[in-house]
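Here's a quick walk through one protein model, from its ring contacts to its helices and a hairpin. Have the structure open and follow along.

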Amino acid sequence: MQQHLAVCKVMSTKQLYLYDSYLKEFQAKVLSVVGNQVVLDQTAFHPLTGGVANDLGCLSRGNLRFSIAKVDINRETKEITHTLEELAELKPGDSVSGALDWDRRYRLMRLHTAAHLIATIMYRDYSALITGGQVDVDQAKLDFNLPKTDREIFEAAVRKANEEARKGVELKIYFLAREEALKIHGVVKLAEKMPPEEKELRIVEIPGIDLQADGGPHVKNTNEIGEIQLLKIENKGKNQRRVYFAVK
Ligand SMILES: [Zn+2]
């Protein structure tokens with residue numbers, strides 16, 4: 001989605017997921033524990049941000065396993081907070097291992113890359129700007145600025161997104177200096193909204209189709225998305241149309 005806040009590396013917690021969407025397990029050190037909230041020096045758990053649902057999974061230390069209920073970003077401290085389902089028997093300095101619920105994460109990745117395809121086709125072919133969206137584990141929704149509810153437009157966009165997905169395009173994910181990113185048409189609008197301390201932006205490119213600053217996990221190749229299915233279209237007020245879709 002286009003409104004990622006965490007596309008940069010300026011954070012107290014090292015965001016391992018920015019570098020490798022396929023990292024399922026990792027080691028980390030506990031930095032702080034408050035109640036059932038744990039902050040690590042690094043994490044592969046993607047927090048709830050940028051319109052993509054958070055990862056779930058568990059942290060373990062020795063024989064102890066702690067299930068994760070929520071992962072989000074503390075905007076003040078710029079830390080990623082892992083909220084455990086029960087009180088954490090952990091303390092600062094402990095070494096832990098993290099394991100993602102991979103089925104959930106992989107579905108989010110497939111839906112997220114599908115969302116980028118649909119959004120870019122809606123803009124390219126129908127001049128419809130994305131105004132919001134949310135990728136959840138079972139479905140995703142995107143809001144577009146469109147003057148009328150036109151089912152044919154959404155059906156065509158999903159059909160075209162499926163055609164692009166089937167081409168098997170390899171995604172490119174890399175960091176660019178802010179000044180370089182600003183020169184690229186399409187990421188400029190977003191980059192200008194970012195705080196000035198963000199020196200580098202993470203770029204997600206689906207070559208030949210889409211390029212944008214983005215902090216979320218994606219599949220490596222569009223052929224991993226599977227079949228995108230249009231679920232429903234809603235009228236959300238003046239010029240606002242919402243489309244729901246899933247991947248199969
Ligand atoms: Zn995105």
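Let's start with a charge: the charged end of Lys24 sits over the ring of Trp102, 4.5 Å from its centre. Lys14 does likewise with Tyr19, lying over the face of the ring at 5.5 Å from the ring centre. To count, NZ of Lys or CZ of Arg has to be within 6 Å of the ring centre and within 35 degrees of the ring normal.

A word on ground rules. This is a predicted model, where local features need pLDDT of at least 70 and side-chain atom pairs count only at pLDDT 80 or more, while totals for chains, interfaces and linings use all residues. Residues are numbered from 1 along each chain as its sequence is written, and side-chain values use heavy atoms, with hydrogens and water left out.

Now the rings. There are 5 aromatic pairs in the structure, where rings of Phe, Tyr and Trp (its six-membered ring) pair if their centres lie within 6.5 Å, and planes under 30 degrees apart are stacked, over 60 edge-to-face and the rest tilted. Two of the pairs look like this:

| Pair | Centre to centre | Angle between planes | Type |
|---|---|---|---|
| Tyr19 and Phe175 | 5.4 Å | 35° | tilted |
| Phe26 and Phe45 | 5.7 Å | 75° | edge-to-face |

Tyr19 is in the loop between β1 and β2 (25–34) and Phe175 in strand β11 (residues 172–177), so to speak a link between distant parts of the chain, 156 residues apart. Strands here are DSSP runs of E with at least two residues, and helices are runs of H or I with at least four, numbered from the N terminus. Phe26 lies in strand β2 and Phe45 in the loop between β4 (42–43) and β5 (57–61), so their pair ties together parts 19 residues apart in sequence. Buried or exposed? Phe26 is buried at 5% relative accessible area and Phe45 is buried at 0%, whereas Tyr19 is partly exposed at 44%. Buried means under 20%, exposed over 50% and partly exposed in between (1.4 Å probe, protein chains only). Helix α1 (residues 102–126) has 25 residues and reaches 35 Å from its first C-alpha to its last, close to the expected 36 Å; the expected span is 1.5 Å times one less than the number of residues. Of those 25 residues, 18 are buried, so α1 is largely enclosed by the rest of the structure. Asp101 caps the N-terminal end of α1, with a side-chain oxygen 3.4 Å from the backbone nitrogen of Asp103. That is a polar contact, meaning a pair of N or O atoms within 3.5 Å; within protein, one must be able to donate a hydrogen and the other to accept it, and residues adjacent in sequence count only if both atoms are side-chain atoms. Just after α1, Ser127 takes a positive phi of about 55°.

Helix α2 (residues 151–166) has a cap too: a side-chain oxygen of Asp150 lies 3.1 Å from the backbone nitrogen of Glu152. Its buried residues include Ile153, Phe154 and Val158, and what covers the buried residues of α2 includes α1, β10 (140–145), β14 and β15. Gly168 follows α2, with a positive phi near 70°.

Finally, the hairpin. Strands β14 (residues 228–235) and β15 (residues 240–247) run antiparallel and are joined by 7 bridges; two strands pair if DSSP finds at least two bridges between them. Leu230 stands opposite Phe245 in β15, and Gly237 in the turn has a positive phi of about 110°.

Notes: Contact means heavy atoms within 4.5 Å.
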